[in-house]
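Please look over the sequence and the model shown here before reading on.

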Amino acid sequence: MSMKLYNAQLSPFSARVRLAIYAKGLDVEIVDGFSTPELEAEVERLNPMHKVPTLVFDGEALPESEVICEFLEDLGRGPSLRPTDPLEAARVRLLSRIGDLYVMEPMNNLFGQINPKGRDQALVDRMLTELRKGIGWLSFYLDGAPYAVGGKLSLADCTLAPMLFLYVEVGPMFGIADVFAIAPTLRSYYEGLKKDPHVARVLTELDVALRKAMGR
C-alpha cells in the first residue's frame, strides 16, 4: 500500500515525520504541500485544517505529526522508535508533549516577531519567559545522553531534534547568546543527537530551508 507525505521542509512538525520515515526506512513519496497551487488544493481537499504534514495511506488522509508518527509505528515496519517498556514509552510521550506545548508554542509566537521593526516587545518578553521554562523542563528529564530514552533513536528524538534546531537558530535573534546556558544536559543531548545520520539528514534539510526562507 502506497504512502504519500504532504510536507513543508522548514516545518518542525513535517521534519519530525520525515525523521521517523528515514529512521524506519519507509518507502514514502514526499512532496512539498504548498509548492504549487495544485498541491495546495490537494492538501485543502484532504485535510480540513489545511495544514502539513498530512500523510495519505491507501487513500486515507491522516493529519497531525504525532498521530502520523504513532501510525507509522503501529504499521510495524522498520526499526521501532517506540520503547516496549511502559515507563520508557511514557517518557517518550512526556518529552514530546513538553516539546510541543511548552517549547514550540512560544517559539511559534516568536516567529512572527523576528523583524525588530514590527516587534511587540511585551509579547516577546512573555514568550521568552515561557520558552525558558519549557527548555528547563526538557533539560530536567534528559541526562545528557545522545538519545532521549533507551539509548537509541525514538519518537522523542524525532520531536525534539527539529525544534531544538529552530531554538538554536531563533534564540540569538532575540538576544539569547548561549541558548543552552540554562540547560546544560540539553546541550549535551543535542550535540550527541546531531551525530545520528538520520537526524543529521533532517537538520541539513532544515538548514537549507531556513537559509532559503531568509534569503541567505
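Which residues does Ser65 touch, not counting residues up to four places away in sequence? In this predicted model, the contacts of Ser65 are with Phe13, Arg16, Val17 and Pro53, once residues up to four places away in sequence are set aside. Ser65 lies in helix H3, which covers residues 65–75, and it counts as buried because its relative accessibility is 4%, where buried means under 20%.

Ser65 belongs to a group of buried residues in H3, which also has Ile68, Cys69, Leu72 and Glu73. These buried residues line one face of the helix, because they fall within an arc of 140° when H3 is seen down its axis. What covers them includes helix H1 (12–24) and helix H6 (155–170), together with strands E1 (3–7), E3 (54–57) and E4 (60–63). After H3 comes Gly76, a residue with a positive phi near 75°.

The largest nonpolar core has 61 residues, and the members that touch the most others in it are Leu72, Leu164 and Leu186. Helix H6 gives the most to this core, with 11 residues. Leu72 itself is in contact with Met3, Val17, Ala20, Ile21, Lys24, Leu26 and Leu55, leaving aside its neighbours within four places in sequence. Apart from this core lies another, of 7 residues, which include Ala8, Val31, Val43 and Val52.

Conventions: Residues numbered from 1 in each chain as written. Predicted model: local features only at pLDDT ≥ 70, side-chain atom pairs only at ≥ 80, totals over all residues. Heavy atoms only, no water. Helix = DSSP H or I, 4+ residues; strand = E, 2+ residues; numbered from the N terminus. Buried < 20%, exposed > 50% of the residue type's maximum accessible area, 1.4 Å probe, protein only. Contact = heavy atoms within 4.5 Å. Arc of directions from axis to C-beta. Core = buried A, V, L, I, M, F, W, Y, C linked by side-chain atoms within 4.5 Å.
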